[in-house]
Amino acid sequence: MISIRNLDFRFPRGGFRLVVPRFDVPAGGRVAILGASGSGKTTLLDLLAGIRVPDAGSVTVAGQEISRLPDTARRHFRIHRIGLIFQAFELLEYLTVQENLLLPYRMSPSLRPDADTGARLSRLAEETGIGGRLRRYPDQLSHGERQRAAICRALIAAPDLILADEPTGNLDPENKRRVLDLLLGQVAGHGATLVMVTHDHDLLEPFDRVVQMRDFHGAEAA
Amino acid sequence: MKGTVRRLASLGSLLALVGCEPAEQGAMVGPAPPSGDATVEIYAINYPLAWMAERIGGDAARVTLPVPEGVDPAHWQPSAETVLAYQRADIVLLNGAGYAAWTEFASLSPSRLVDTTRGLEDRFVSAGAMTHSHGPAGEHDHADVASHTWLDPELAAGQARAIEGAMVTRVPDRADALRQRLQSLVAELAALDQRLALAFQGWRGEGVLYSHPVYQYLDARYGLAGRSLTWEPGQDPGKGEWDALAARLAEAPAAVMLWEDEPLPATAGRLRAMGIEPVVFHTGAGPPATGDYLALMEENLGRLARFNETVGAGDN
Amino acid sequence: MRDVVYLAWRYLVFNRWKTGILIAAITVIVFLPLALELVLERSSERLRARAAATPLLFGAPGSALELALSSLYFSGESPAPLDYAIVAELGDTRLAAAIPLHLGYRVGSHPVIGTSPDYFPFRDLSIAQGRMLALSGEAVLGAAAADSLDAAPGGGVVTAPESVFDVTGTYPVRLRVVGVLEPTGTPDDEGVFVDIRTAWIVGGIGHGHEDLQDPTASGSVLKRDDSNIVANAAVVEYRDITPENLADFHFHGAEDEFPLSAVIAVPVDAKSGVLLEGRYQSPDSPVRVVRPTEVMDDLLATVFTVRQYVLVAVALVGAATLATIALVFLLSIRLRRAEIQTMIRIGAAPGRVAAILGTEILLVLIASLLMAGLLTGIATAFGDEIFRWLLQSGVL
């Protein structure tokens with residue numbers, strides 16, 4: 001599913017530099033990326049999502065070398081094939097939970113709801129326990145419910161790849177486990193690949209592989 | 001700057017009073033403009049004026065005197081509805097000289113009023129009535145001029161001219177006819193004047209009394225030097241009045257007393273006993289039962305002649 | 001496009017207070033100059049119309065503006081009086097009909113307008129209830145005055161003394177209401193119309209009292225001689241003018257010298273108007289003649305000059321407000337950075353995000369313009385009544 005070769009990325013005004021010689025994730029794999037704050041975890045996810053482009057090297061996702069694609073094509077690929085989950089949930093406060101779940105369909109004219117979208121939404125909401133919350137607004141949900149909604153949003157378009165950036169970072173220990181199980185269950189149920197960034201060692205056990213950022217050459221530029 | 005602020009302040013209060021109707025147009029004021037075969041609607045406040053208006057106006061005028069029969073126009077108080085009828089007239093003929101006090105308190109348009117004695121004030125005669133005064137302004141005189149001006153045929157002719165002038169303004173295309181009728185009327189009044197002068201010739205020395213103070217203009221015109229009482233034809237004067245009369249006769253005798261109407265037989269008899277002949281001289285303020293003003297004057301002249309015959313004072 | 005509008009709409013509705021305030025602010029900026037123009041345009045139209053319908057005004061020498069304002073709109077100070085003789089004088093010229101006006105007294109806040117029956121057809125006033133004036137002591141009320149005083153034919157209203165401190169001057173007089181006029185939307189609606197002689201009675205020139213020659217009045221008599229009776233202050237003066245006591249009323253002095261505030265002269269034709277004006281143009285003339293249209297044009301010219309300054313001020317304030325609103329938008333965008341980043345990360349093109357934010361601004365502007373348009377429409381239809389209410393209720 002994912003293949004990175006000789007990736008070299010620097011931030012435009014200097015500062016952080018990320019070098020990844022090689023990184024592979026098979027389809028359906030579940031990979032946890034561990035690293036300290038500032039180690040480049042989020043940057044790596046951005047590169048995998050096509051949000052950023054490496055200065056050198058290649059990033060291939062689902063057979064597509066996205067690092068070579070133009071901006072529009074990368075967005076198109078991202079919105080159709082990749083689901084993103086953010087640490088801070090990032091639900092839009094002025095949309096209901098249901099509207100937030102369907103937000104990806106409003107982000108690009110190329111992604112339109114199909115005949116199954118409604119059924120998929122209902123199933124996702126039921127399975128994640130937020131079926132009765134669809135008409136509420138985000139500020140009316142608990143932290144855990146909000147993260148579950150974020151998970152649903154990431155899965156609504158049936159993506160091939162889920163990139164999760166510290167999805168349990170803002171949750172209490174009880175909810176962390178619950179949300180993680182939910183996420184892993186949904187990923188498995190959809191046959192998607194999961195790359196999750198975390199700094200929480202307690203959550204690593206269910207993953208196929210754990211990658212340390214220090215295995216890559218992420219460092220401040222000299 | 002101050003002026004500008006004041007103007008703006010004025011505008012502010014003005015805006016409160018300005019409404020939302022479309023632009024208003026000033027409407028006609030006064031009687032309708034004259035047209036070819038229009039008639040002038042004339043209301044008069046006494047019979048002599050009404051008569052003169054009819055004589056002058058002919059078919060060009062529709063004259064109304066709404067005073068009820070038997071009511072003295074000088075003291076008549078019309079109803080509000082009657083006043084509104086006066087308002088609708090093209091011309092309202094006033095006698096002037098304080099005649100008909102009701103006109104002072106009726107709402108009438110100045111543009112339609114014709115004071116027929118305006119400009120003749122130098123001919124007015126004092127009524128010799130009681131004044132009263134009060135308040136900070138001190139003494140005031142209350143319109144103490146005599147008001148039966150038409151009894152002087154010369155003044156009446158002046159009033160006729162005023163009537164004709166007002167009519168000509170309203171129906172100018174009938175001016176020639178109006179003028180002709182005025183001239184005819186003035187000639188008749190002049191003839192009446194001569195006959196009255198003849199009839200009253202020599203009366204001055206005889207001592208003339210008037211039952212009521214309404215003959216001042218007759219008195220002034222013909223030099224009668226008469227004295228007025230305040231007796232009513234249909235009432236006995238009362239002991240006080242008889243005594244007062246006797247006292248006055250002691251100072252200056254009298255031979256004749258003019259009455260507006262027939263006195264009571266008892267009154268007439270008593271006067272004759274005192275050497276005073278009662279002679280009826282209708283003032284013509286109200287319309288006569290028959291005939292017109294000149295016919296009424298003709299009757300008056302007849303009675304004067306009969307008196308003159310009895311005292312050998314002259315004939316017409 | 002639908003999604004862009006939908007998201008913009010949802011944001012604005014969710015933040016309804018902020019949205020409402022922005023719409024209100026922009027509406028005010030747009031509506032204010034429009035309203036000002038509308039008010040000035042309509043008001044000047046009406047002021048000019050009333051002035052144009054009044055050919056000539058005669059008054060005592062003095063301020064032409066004061067004369068015009070008081071005679072046409074019954075506002076401001078009463079001008080210096082002129083003699084009633086001018087009415088006959090004008091009649092004698094045969095060039096114009098004269099309508100006398102006597103002002104200065106009030107019933108409550110409503111002006112007492114002493115005039116002649118000619119005033120009513122001149123101003124196209126017709127009776128809605130009751131009848132026209134016929135006798136002294138009667139009053140015909142304008143529609144608004146009748147409403148405000150809660151008076152109808154058969155009732156009465158009482159005049160106010162000229163001054164609260166005028167203890168030795170005019171006294172309140174009770175007027176009998178005999179008619180109410182149809183509403184006209186002009187200052188006449190506020191008037192209490194009386195005959196000119198009634199106005200003189202209100203002013204104390206005419207009065208009625210017990211007959212001093214009657215023995216029952218002896219208590220009021222100070223002294224008496226052959227020709228005059230002097231009465232003391234105890235003489236009972238009538239405050240009510242009724243058909244029963246009308247005969248006891250009288251005036252002191254010569255009518256030609258009685259006061260008027262102004263005379264409306266209605267020339268027979270245009271040439272007569274010019275001739276009439278020419279006769280009274282001399283600086284030594286005891287009477288001043290004024291063309292109300294010229295006075296109003298002068299006044300409005302001043303107003304429209306000031307209007308320019310006001311519009312400039314409004315424009316500056318508007319620009320400042322719009323700048324502030326723009327700042328609010330920019331700050332809002334900064335606060336929504338996370339939201340914007342989320343949309344971009346999910347897959348929205350920067351152009352789409354800009355479109356959503358731009359659409360929010362556009363919707364606010366459209367709503368503001370619609371609201372301003374609605375308010376302008378309301379002001380056009382009902383502005384006069386609203387403005388008059390605001391002025392009379394003391395809000396403005």
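Tutor: Gladly! Let us begin with a rule: two strands pair if DSSP finds at least two bridges between them. Keep in mind that this is a predicted model.

Student: What makes β3 and β4 of chain B a pair of strands?

Tutor: Strand β3 (residues 91-94) of chain B is joined to β4(B) by 3 bridges. The rule asks for at least two, so β3(B) and β4(B) pair. They run parallel, and B:Leu94 stands opposite B:Asp115 in β4(B).

Student: Which sheet of chain B has 4 strands, and in what order do they come?

Tutor: It is an open sheet with the order β2-β1-β3-β4 (chain B) and parallel pairing.

Student: What makes β2 and β4 of chain B edge strands?

Tutor: β2 (61-64) and β4 (113-115) of chain B each pair on one side only. On average, neighbouring strands of this sheet are turned by 25 degrees against each other, direction ignored. Helix α2 (residues 47-57) of chain B packs on the sheet and touches β1 (40-44), β2 and β3 of chain B. The direction of this helix makes about 170 degrees with that of β2(B).

Student: Which strands form the open sheet of chain A?

Tutor: Its 5 strands have the order β6-β7-β8-β3-β9 (chain A), with parallel pairing. The edge strands here are β6 (82-85) and β9 (209-212) of chain A, as each pairs on one side only. From one strand to the next, the twist averages 15 degrees.

Student: How do you know that β3 of chain A pairs with β9(A)?

Tutor: There are 4 bridges between strand β3 (residues 30-34) of chain A and β9(A). At least two are needed, so the two strands pair.

Student: Now for single residues. What is noted about phi of A:Asn6?

Tutor: Phi of A:Asn6 is near 50 degrees, a positive value in a residue other than glycine. Most residues other than glycine have a negative phi. A:Asn6 is placed in strand β1 (residues 2-10) of chain A.

Student: Why is A:Asn6 called exposed?

Tutor: A:Asn6 has 12 other C-beta atoms within 10 Å. A residue with 12 or fewer counts as exposed, so A:Asn6 is exposed.

Student: And is C:Phe74 buried or exposed?

Tutor: C:Phe74 has 24 C-beta neighbours inside 10 Å. The cut-off for buried is 20 or more, so C:Phe74 is buried. This residue has a positive phi of about 55 degrees although it is not a glycine, and it lies in the loop between α3 (64-73) and β2 (82-83) of chain C.

Student: Which way do the residues of strand β1 of chain C point?

Tutor: From strand β1 (residues 56-59) of chain C, C:Leu56 and C:Phe58 point one way and C:Leu57 and C:Gly59 the other way, and all are buried. In a regular strand the side chains alternate between the two faces of the sheet.

Student: How do you know that β1(C) pairs with strand β15 of chain C?

Tutor: They are joined by 3 bridges and run antiparallel. That meets the requirement of at least two, so they pair. The bridge partner of C:Leu57 in β15(C) is C:Ile264. β1(C) also pairs with strand β16 (residues 288-290) of chain C in the antiparallel sense, over 3 bridges, and there C:Gly59 stands opposite C:Arg288.

Conventions: Residues are numbered from 1 along each chain as its sequence is written. Chains are lettered from A and ligands numbered from 1 in the order in which they are written. This is a predicted model: local features need pLDDT of at least 70, side-chain atom pairs count only at pLDDT 80 or more; totals for chains, interfaces and linings use all residues. Axes are lines fitted to C-alpha atoms, for helices over the stretch in contact, and angles run from 0 to 180 degrees between N-to-C directions. Two residues are in contact if their C-beta atoms, placed from the backbone, lie within 7 Å.
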